[in-house]
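Student: I have the sequence and the model open. Can we work through some questions on them?

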Amino acid sequence: MQKQLLIERFNPAEAALMESRDAEKNLYLAGRIMTAEQKNLNQRIYPKSEIERAVAFISEKAKEQQYILGELNHPDNLSIDLKNVSHIITEAWMDGDNAVGKCKILNTPSGNIVQQLINGGVKLGVSSRGTGNVTSEGVVEDFAFVTLDIVAQPSGPGCYPDVVRE
């Protein structure tokens, strides 16, 4: 009898996110994650409706416990490379024209780099990654949000979330 490959698969909601046993070790970035209706450093303007749609996507995934993974620095593609994951986006909501949210820093090689940078006093930002069309006036249309990445200099004004330890 030939052996067969056995792979057990879980729905992310069934597997659920396990909390660290030592709550003091949980590190988050919490605050403004995206801005709407103002020009960013890339000379683009995201209409509020585009940001609201991204926030709804994040919220729906979080509600289903299918947290969105993010990386340290933007790669040159849309794929999320598991070996570069540093955090998960745990929640997001709108506050006026701003998207506000919370990202849990993971105990991964990239997450450990984030932790050490923060412990060293480095102020880190977050920046969205996705696709869309940009008009000649710099307005983004049909924005398809993929994730938020942790970066040194975000393009969105004020997208430097606070460090929170819980």
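Tutor: Start with a term: a residue counts as buried when its relative accessible area is under 20%, and as exposed when that area is over 50%. Keep in mind that this model is predicted.

Student: Which residues of helix 2 are buried?

Tutor: Helix 2 covers residues 48-63. Apply the cut-off of under 20%. The buried residues in helix 2 are E50, I51, A54, V55, I58 and A62.

Student: Within what arc do the buried residues of helix 2 fall, seen down its axis?

Tutor: An α-helix has 3.6 residues a turn, so residues three or four places apart point the same way. The buried residues of helix 2 line one face, because they fall within an arc of 135°.

Student: How far apart are the end C-alpha atoms of helix 2?

Tutor: Helix 2 has 16 residues.

Student: How many residues of strand 1 are buried?

Tutor: Strand 1 runs over residues 27-35. It pairs in the antiparallel sense with strand 4 over eight bridges, and with strand 7 over four bridges, also antiparallel.

Student: Which residue in strand 4 is the bridge partner of M34?

Tutor: Strand 4 spans residues 98-105. Look there for the partner of M34: A99.

Student: What is the relative accessible area of V122?

Tutor: V122 sits in the loop between helix 3 and strand 5. With I113 and L117, V122 makes a nonpolar surface patch of about 210 Å². V122 is partly exposed, at 37%.

Note on methods: Residues are numbered from 1 along each chain as its sequence is written. This is a predicted model: local features need pLDDT of at least 70, side-chain atom pairs count only at pLDDT 80 or more; totals for chains, interfaces and linings use all residues. Side-chain values use heavy atoms; hydrogens and water are left out. Patches are made of residues with over 30% relative accessible area and no salt bridge: like charges are joined within 9 Å, nonpolar side chains (Val, Leu, Ile, Met, Phe, Trp, Tyr) within 5 Å. Accessible areas come from the Shrake-Rupley method with a 1.4 Å probe; for residues, only the protein chains shown count as cover. A salt bridge is a side-chain nitrogen of Lys or Arg within 4 Å of a carboxyl oxygen of Asp or Glu. Helices (H or I, at least four residues) and strands (E, at least two) are DSSP runs, numbered from the N terminus. Buried means under 20% relative accessible area, exposed over 50%, partly exposed in between (1.4 Å probe, protein chains only). Two strands pair if DSSP finds at least two bridges between them. The expected span of a helix is 1.5 Å times one less than its number of residues. The arc is that of the directions from the helix axis to the C-beta atoms.
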